[in-house]
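Open the structure in a viewer and keep the sequence beside it. The stops below say what to select and what is there.

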Amino acid sequence: MRKALVAGALALAALLTNATGATAVSAEAEAVTYTGWTWNISGHKLNHGRVDSGLVEEAVGSIRRAENAVDFVSFNEICHNQYRAIRAQLASWNPDNPSYARFQEAIPAGSKGADGRSICGGESFGKALFSRHQLGGAEYRTFAQESGLSYWSDGVEHPVMSGLLCAPLVARPNMKFCSVHISPISTSDVMSEDGKTVLVEGRPYGYRQLVELDGILDGFAAAGQTYMIAGDFNAEPDYDRLNRFYAVEVPEPAGSGAKAPNGGDHRELDDLDASCPGYGEETSANPAAGVPCGMARPKIDMIFARKDRLASPDYSADSKAIPLCTEIDANGALKSENTEPCSDHRVLIGRATLLVDPAT
């Protein structure tokens, strides 16, 4: 029976994958269901590096909620003290798992922003991942393309370097979970009408990081590795710069306007949501114009899986309402009598059954 199930999954993977970007899946591949959870918590900008506003408890409560059945967790814009607090509260998530947390620094401790304010109250700032399953050694990759953002240390301006944080599972080394945060700055050159003169020079930082990321993921696939990647992509699903990720089979969102065709190797786990097929539910709290399907706010947080590793078409995702935390004023002080949204992003939870090759 097990061989029949896997054989059916392999046949489905073949149907979901066109010739371009296809990778070989072992006949011994195991079909395993995983749930990913991702949240950009705005740990510095909105939360001022605090761990006592209710943010930590809201995050951990969502992760550990039985009905969410979370396996992997991705945090963007997290301060290191927030990471430590969450790590401590997740220590009993799976008591048999001694290796469940990883952190990647984007800004070192002791840094300041352009406004002169201490970043994260002096703590380092970056991204994190957690796992209910024991993790192997972390893979820390820094994009060659800087983000276009800066921080100050010892009076010197430095570029914020974005990257990719991944870790494989000890029990299944060919399965890995990754957290990413793409630069919010991505603009093209503004050209004159004759197309020869650059009127305004573009800043395509996010686009170039996405090109790098696509190449890295292709390398994982070529090595026979299955992955789930989650985070803030700072681009909407109908943006052309994400065409290299979304598979050609993904429907075009209603009202997305002129759009180049998709040609990528992935399905985003919310791309079949009935509210806006090809796009998904909103994840940002910030209103925007021109969002497909008449939505008021955009989707910029995603969970991707490679389409030739999907064992079932029954993948899905859900965007959760932003919980409330104790209000924090502009100086970083708690206003205990008031509440406010914990972040300007929603939690996104996605589930998929993936084909994972056995260890070699």
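Start by selecting C276 and C293: the torsion about their S-S bond is about 75°, so this disulfide is right-handed. A disulfide here is a pair of cysteine sulfur atoms within 2.5 Å. C276 lies in the loop between β13 (266-268) and β14 (301-306), and C293 is in the loop between β13 and β14 too, so the bond ties together parts that are 17 residues apart in sequence. Their sulfur atoms are 2.0 Å apart. C276 is buried, at a relative accessible area of 0%, whereas C293 is partly exposed at 30%. Buried means under 20% relative accessible area, exposed over 50%, and partly exposed in between, with a 1.4 Å probe and protein chains only.

Before moving on, note that this is a predicted model, in which local features need pLDDT of at least 70 and side-chain atom pairs count only at pLDDT 80 or more, while totals for chains, interfaces and linings use all residues. Residues are numbered from 1 along each chain as its sequence is written, and side-chain values use heavy atoms, with hydrogens and water left out.

**The whole protein**

Helices (H or I, at least four residues) and strands (E, at least two) are DSSP runs, numbered from the N terminus. Along the principal axes, the C-alpha atoms fill a box of roughly 65 × 60 × 40 Å.

Now show the surface. The protein exposes about 15100 Å², with carbon and sulfur atoms supplying 52% of it; areas come from the Shrake-Rupley method with a 1.4 Å probe, and for residues only the protein chains shown count as cover. Of the 360 residues, 53% count as buried. Among contacts with a separation of 6 or more, 70% are between residues 24 or more positions apart. Contact means heavy atoms within 4.5 Å.

**The other disulfides**

How many disulfides does a search of the whole structure find? There are four, and with bonded cysteines counted along the chain they follow the pattern 1-2, 3-4, 5-6, 7-8.

Select C166 and C178, whose sulfur atoms are 2.1 Å apart. C166 sits in strand β8 (residues 163-168) and C178 in strand β9 (residues 175-181), twelve residues apart. The link is right-handed, with 110° about the S-S bond. Both C166 and C178 are buried.

Next select C325 and C342, which are joined with an S to S distance of 1.9 Å. C325 lies in strand β16 (residues 324-328) and C342 in the loop between β17 (334-341) and β18 (347-356), so this pair ties together parts that are 17 residues apart in sequence. The link is right-handed, with 95° about the S-S bond. C325 is buried at 3% relative accessible area, and C342 is buried at 1%.

Stay on C342 and show its surroundings. Leaving aside neighbours within four places in sequence, C342 is in contact with residues including W39, I41, N47, L55 and E58. C342 and V56 are 286 residues apart in sequence, and their C-alpha atoms are 9.6 Å apart in space.

**Helix α3**

Select residues 80-89, which form helix α3. Which residues of α3 are buried? They are N81, Q82, Y83 and I86. An α-helix has 3.6 residues a turn, so residues three or four places apart point the same way.

**Two positive phi values**

Most residues other than glycine have a negative phi. Select D154, in the loop between β6 (150-153) and β7 (156-159); phi of D154 is near 55°, a positive value. D154 counts as exposed, at 79% relative accessibility.

Finish at N234, in the loop between β12 (226-232) and β13. Phi of N234 is near 50°, also a positive value in a residue other than glycine. Is N234 buried or exposed? At 16% relative accessibility, N234 counts as buried.
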